[in-house]
Structures are given as structure tokens and as C-alpha cells.
Amino acid sequence: MTWKESDEILWVDALRNNSTEAFDALYRAYFPSVYANICRLVREPSAAQDIVQEVFIRLWEKRHQLKPGQPAGNWLFVVSYNRSVSWLRKDLREKLRVEGLESLPDLPGEPGWDHTSLQLEMLEKAIEQLPPQRKKVFLLCKVQGRTYAEAASELQISHYTVKEHIQKASHFIREYVRLQPEWQALALGAPLVAHLLG
């Protein structure tokens, strides 16, 4: 299914007004890429299925907190990343418990909504500062899960140009996050950005 950012913004605005049709449209549009991102992290399809369902339940529950006029892809990415990391921590703790090893006191618990919001806000600020075409390419490939070939075809540019945009956008976002004092102090940025840019 191909959609435009303008369609997605309309879906988000309708979702904020309790539209189940808009929720269904976002689910159909984003399920494949959100599921693929989760699978890359947890490497267990049944767990990925559970996590992706939790992510979309969370989308419905938090629909009134979505920013009007903004696409949902960034939000879905951050929440799916956080849920995946929480699952990995829980799985690691369980494996250590079964093996009779001590628990891991230095691993923080599941990120809360404030943690997720801060990550999302920082990523959105970085992405917003990209040049328009680079931003489109980045969102298509890294948030919507399109291949370089699909992005090239949709934007009528070469595969090489897509690759170049992704490399430059990734470098810019890494540097942007690295220079943010609030992320350095809270140590929130590196894992999320590494996953998004990897």
C-alpha cells in the first residue's frame, strides 16, 4: 500500500478524534515496517507479534496525545523500539534466573511515557532540520520501511541518490543527538539512534 505524508497527517488528525477507520488505515500502512523493525531487534517472530500488538494498542490509548499535523511513523518507531528493548531486558533476566545467575540491577526498567516522549521529540527535531528531499527519503526508508529502490521509484531519483541521502541524514542525526546536552545527561539517545540509523 502506498500513501502520502498528507494522507497520514489526515489519518492522525482523524485518529485524535476517535476514528477507528483512521486507526485501521495507520495499522495497515505501518504494520509491515513496525513488525520488521521489531523482528530485527528481538529476533523472535512470536514475541514480535505480541510487541507489535502492544504498540498499536498504545497508539489507540495515546491517540489524543499525538501532535496534530504530524505523521505517526516517528511515534510508532520510538514506542516499538522501547517495547522491544523492554522485552529483551525481560528475556535476559529470565535466562539469567533460569541459569541461577543474579539479576541485573543496573538495567533500568521499561521506559515510561516521558522517556518515550523525550526521544520522540529529539528525533523529530533532528529530522525536521534535514533538507526537504533528504527528509522525504529518510522517512520513506527508515520510518516507513520502504526499500531504497521503492523510495527511488516513488521520488523519481536514482538508487545512488537515495543511498547518499540516507548516509548524509544518518550522519546529521547522529551529530545532532551527540550535541544535545539533555540526551548526554540522560543517556537516552545512543541506542535508539543507533537502531534507527543502522
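Q: Which residues in α6 meet which residues in α8?
A: Let's begin with what a contact is: heavy atoms within 4.5 Å. By that rule, Q133, R134, V137, F138, C141 and K142 in α6 meet V162, H165, I166, K168, A169, S170 and I173 in α8. Before we go on, please note that this is a predicted model, where local features need pLDDT of at least 70, side-chain atom pairs count only at pLDDT 80 or more, and totals for chains, interfaces and linings use all residues. Residues are numbered from 1 along each chain as its sequence is written, and side-chain values use heavy atoms, with hydrogens and water left out.

Q: How many helices and strands does the protein have?
A: Helices (H or I, at least four residues) and strands (E, at least two) are DSSP runs, numbered from the N terminus. Here the protein has ten helices and zero strands. Read from the N terminus, the order is α-α-α-α-α-α-α-α-α-α.

Q: At what angle do the axes of α6 and α8 cross?
A: An axis is a line fitted to C-alpha atoms, for helices over the stretch in contact, and angles run from 0 to 180 degrees between N-to-C directions. Angles under 35 degrees count as roughly parallel, over 145 as roughly antiparallel, 65 to 115 as roughly perpendicular and the rest as oblique. The axes of α6 (residues 132–143) and α8 cross at roughly 95 degrees and come within 9 Å. The two helices are therefore roughly perpendicular to each other.

Q: How do α7 and α8 pack?
A: Helix α7 (residues 148–155) and helix α8 (residues 159–178) pack at about 110 degrees, with their axes 8 Å apart. That makes α7 roughly perpendicular to α8. In this packing, Y148, A149, A151 and A152 in α7 meet H159, V162, K163 and I166 in α8.

Q: What percentage of the residues count as buried?
A: Buried means under 20% relative accessible area, exposed over 50%, and partly exposed in between (1.4 Å probe, protein chains only). Of the 198 residues, 45% count as buried. One of the buried residues is S33, with a relative accessible area of 6%. S33 lies in helix α2 and touches V143, Q144 and G145, leaving aside residues up to four places away in sequence. Two further cases are in helix α4: N82, buried at 5% relative accessibility, and Y81, buried at 9%.

Q: How many aromatic pairs are found in the whole structure?
A: Rings of Phe, Tyr and Trp (its six-membered ring) pair if their centres lie within 6.5 Å; planes under 30 degrees apart count as stacked, over 60 as edge-to-face and the rest as tilted. The search finds seven such pairs. F23 and W60 form an edge-to-face pair, 5.7 Å centre to centre and with 85 degrees between the planes. F23 lies in helix α2 (residues 20–42) and W60 in helix α3 (residues 45–61), so this pair ties together parts that are 37 residues apart in sequence. F23 is buried at 16%, whereas W60 is partly exposed at 26% relative accessibility.

Q: What kind of pair do Y27 and F31 form?
A: Theirs is tilted, with 40 degrees between the planes and 5.3 Å centre to centre. Both lie in helix α2, four residues apart, about one turn of the helix. F23, Y27, F31, Y35, F56 and W60 form one aromatic cluster.

Q: What is the phi of N18?
A: Most residues other than glycine have a negative phi. N18, however, has a positive phi near 70 degrees. N18 lies in the loop between α1 (5–16) and α2. R43, also not a glycine, has a positive phi of about 55 degrees. R43 sits in the loop between α2 and α3 and is exposed, with a relative accessible area of 71%.
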